[in-house]
Amino acid sequence: MDYLPYPQLNFWQEHMDDTSGFNRYELSVDFYDEMFDSDGNPHEASRRLSQVLAQLAPEELEKLQEGVYRRFLHEGITFTVLGDESSEQIIPIDCVPRILTADEWETIERGLKQRLTALNLFLKDVYHSGHCLRDKVVPIDLVLGCPQYCMEMRGVVVPHDVYVSVCGTDIVRTREGFAVLEDNLRVPSGVSYMLACRNAMKVAFSGLYRAHKVREVADYTKHLYATLASLAHVGRSPNVAILTPGIYNSAYYKHAFLAGEMGIDLVEGRDLEVRDAVLYARTTAGLRRIDVLYRRIDEDFLDPVTFRGDSMLGASGMFHAYRAGNLVLANAPGTGVADDKSLYAFVPEIIRYFLGEDPILSNVETHLCREPGELAYTLENLEQLVVKEVGGAGGYGMLVGPQSTAHEREQYSRRLRADPAGFIAQPVLNLSRAPCFIDGGFSPRHVDLRPFVLQGREGSHVVPGGFCRVALRRGSLVVNSSQGGGCKDLWVLGDSAQGGAVPC
C-alpha cells in the first residue's frame with residue numbers, strides 16, 4: 001500500500017506544528033479520504049473542522065474525546081459480543097465527525113428511496129403473481145429455496161403494499177463513488193447509536209455544530225411513528241406498540257428508548273392476547289387493542305401456532321390477526337428474502353424491471369458461489385476476495401482473503417465446496433477512510449454508513465444522517481462493533497453550509 005509523504009501544502013504549513021494531532025496523519029493513494037483531497041488539502045466542506053482540530057492542543061483533544069465517551073456511556077448503548085459466553089460492551093465512539101455535503105446526501109437519498117421502492121415491489125410480486133420469477137429476472141430456485149422465504153405469506157394482503165417500512169442500508173465509498181454493500185430489511189438496528197452519537201457531539205462541539213448548519217436527526221422518532229401509524233386502516237388514531245424480547249435482551253434499552261420517544265407501549269409476548277383475530281395488550285386498565293406492531297424480534301418467534309412452536313416471545317394467533325387484516329406487522333414477515341446476500345446481486349436488475357430506471361447507487365461486484373464457474377473463480381482467488389455466508393451477519397463467518405492465513409483459506413475452501421450456495425464472494429473494497437482520534441493524535445480508519453429509510457402510506461423519508469461505523473483496528477476493513485469496530489457522528493450539511501471561515 002502506497003502512503004504519501006506528509007503533505008507540505010498551505011494548510012499544513014499554516015496550521016501544523018509538532019504538537020498538532022495531525023502530525024502523524026497518513027494519506028494513501030489507494031483510499032478516498034473523507035476529510036482531505038489527494039494533495040492533502042481539506043475538502044471544502046471539511047475546512048472548518050480540520051482547521052479547528054489542527055489547532056487544538058493534545059490535552060484539549062483528549063478532553064473532547066473523554067467528554068464524548070462519557071456522554072455516550074451515560075446513554076447505556078451496548079452491543080453483544082458473541083463467543084463462548086456472550087457479553088455486553090459499550091460501543092466505542094470517536095469524537096471526529098464525518099461530513100457529507102448536501103449534494104452528496106441528495107444522491108444517497110434518491111438512491112435509497114429508489115432501492116426500497118423496488119424491493120417492496122419485488123416482495124409483493126414474489127408473494128403473489130411472481131412475474132419477475134417467470135421472466136427470469138431472479139432465479140426462481142434462489143427465491144423459493146431461500147430460508148427467509150415465508151410460505152405463510154403467499155397471497156397475504158399487506159397494508160398499502162409496504163412490506164418494508166423501516167430499512168437500514170449499508171453504504172460504502174471508494175474512489176469510484178458510493179455503493180450499496182447490503183440491505184437490512186428484517187429487523188434493522190443502529191438507530192439508537194445514531195441518536196446517541198448526535199446527542200454527545202452536539203454538546204462536545206456545540207459551536208462547530210451550529211456553524212456547519214448540520215441537518216437534524218432528532219425528529220427520527222416522530223417520522224417513525226408517523227410512518228407506522230400511516231399503515232393502519234382504522235377510522236381512529238391507531239394504537240402502535242413495539243414488541244421486544246424482554247429485559248434480558250441486549251437491545252432492550254434501545255426498544256424502551258424508541259417506545260418512550262414515540263409515546264407508545266413497549267410490550268413482550270407475555271403481555272399479548274389474541275381474541276377474535278384481534279391483538280390486544282394486557283394493561284392495568286384492561287385489554288388495549290394493538291393496530292400496528294413494530295417487531296424487534298425475528299419472525300420465527302412471532303407466533304408459536306404458525307412459526308416456531310417453542311417460541312415464548314410472541315403470541316398465539318398473532319399471524320391469524322395479521323392475515324385477517326386486523327393488525328399491521330412492521331416489517332412484514334418474509335422480508336428477509338429480499339436482503340439475502342445472494343439476491344443482493346440481482347437488485348440492479350430488480351430496479352430496472354420494476355421501475356424502468358437505472359440504479360442511482362451501484363452494487364458491489366458479487367460472485368454467487370452457487371454457480372460452478374463463480375465457485376471455481378472464488379476458490380482460485382481466495383487470497384484476494386472477501387467471502388461471506390449468505391445468511392451471515394455481524395461480521396461473523398466471513399473470510400477476508402488478504403488478511404487470512406493459508407490454513408484459514410484451506411478450511412474455508414472445504415466449506416465452500418461442501419455448500420456452494422451458502423456463500424458469495426466480493427472483491428476487497430478500498431473503503432474510504434476518515435480521521436479518528438487514537439493514541440493522542442489523528443489516524444485514518446475505514447468507515448461505512450447505515451442510513452435509515454422509512455416507507456409509509458404516502459411515500460418515503462430518509463433521515464439526514466445515519467449510523468457511521470468505524471474499523472478502529474489499524475488496517476482492518478471490518479467495521480462491525482462485534483469485530484472491534486466503533487462509531488462516529490455523521491454531519492449532513494445544509495445547502496448553505498459549504499466551507500467558510502472558522503468560527504471563533
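The model holds 4 cavities of 30 Å³ or more. A cavity here is a set of points on a 1 Å grid, over the protein atoms alone, where a 1.4 Å probe fits but cannot get out. Points are joined across faces, edges and corners, and a volume is the space filled by probe spheres set on them. This is a predicted model, where local features need pLDDT of at least 70, side-chain atom pairs count only at pLDDT 80 or more, and totals for chains, interfaces and linings use all residues. Residues are numbered from 1 along each chain as its sequence is written, and side-chain values use heavy atoms, without hydrogens and water.

The largest cavity has a volume of about 50 Å³. Its lining (residues with an atom within 4 Å of a point) includes Glu34, Met35, Arg98 and Lys488. Strands β3 (98-100) and β18 (433-438) each supply at least two lining residues. Strands are DSSP runs of E, at least two residues; helices are runs of H or I, at least four; both are numbered from the N terminus.

Now turn to two helices. The axes of α9 (residues 220-230) and α10 (residues 252-262) come within 9 Å and cross at roughly 80°. Axes are lines fitted to C-alpha atoms over the stretch in contact, with angles from 0 to 180 degrees between N-to-C directions. The pair is therefore roughly perpendicular (65 to 115 degrees). Tyr220, Thr221, Leu224 and Tyr225 in α9 meet Leu258, Glu261 and Met262 in α10; contact means heavy atoms within 4.5 Å.

Ser460 lies 346 residues from Gln114 in sequence, yet 9.7 Å away in space, C-alpha to C-alpha.

Conventions. Angles under 35 degrees count as roughly parallel, over 145 as roughly antiparallel, 65 to 115 as roughly perpendicular and the rest as oblique. On a 1 Å grid over the protein atoms alone, a cavity is a set of points where a 1.4 Å probe fits but cannot get out, and a pocket is an open set with protein on both sides within 12 Å along at least five of seven lines; lining residues have an atom within 4 Å of a point.
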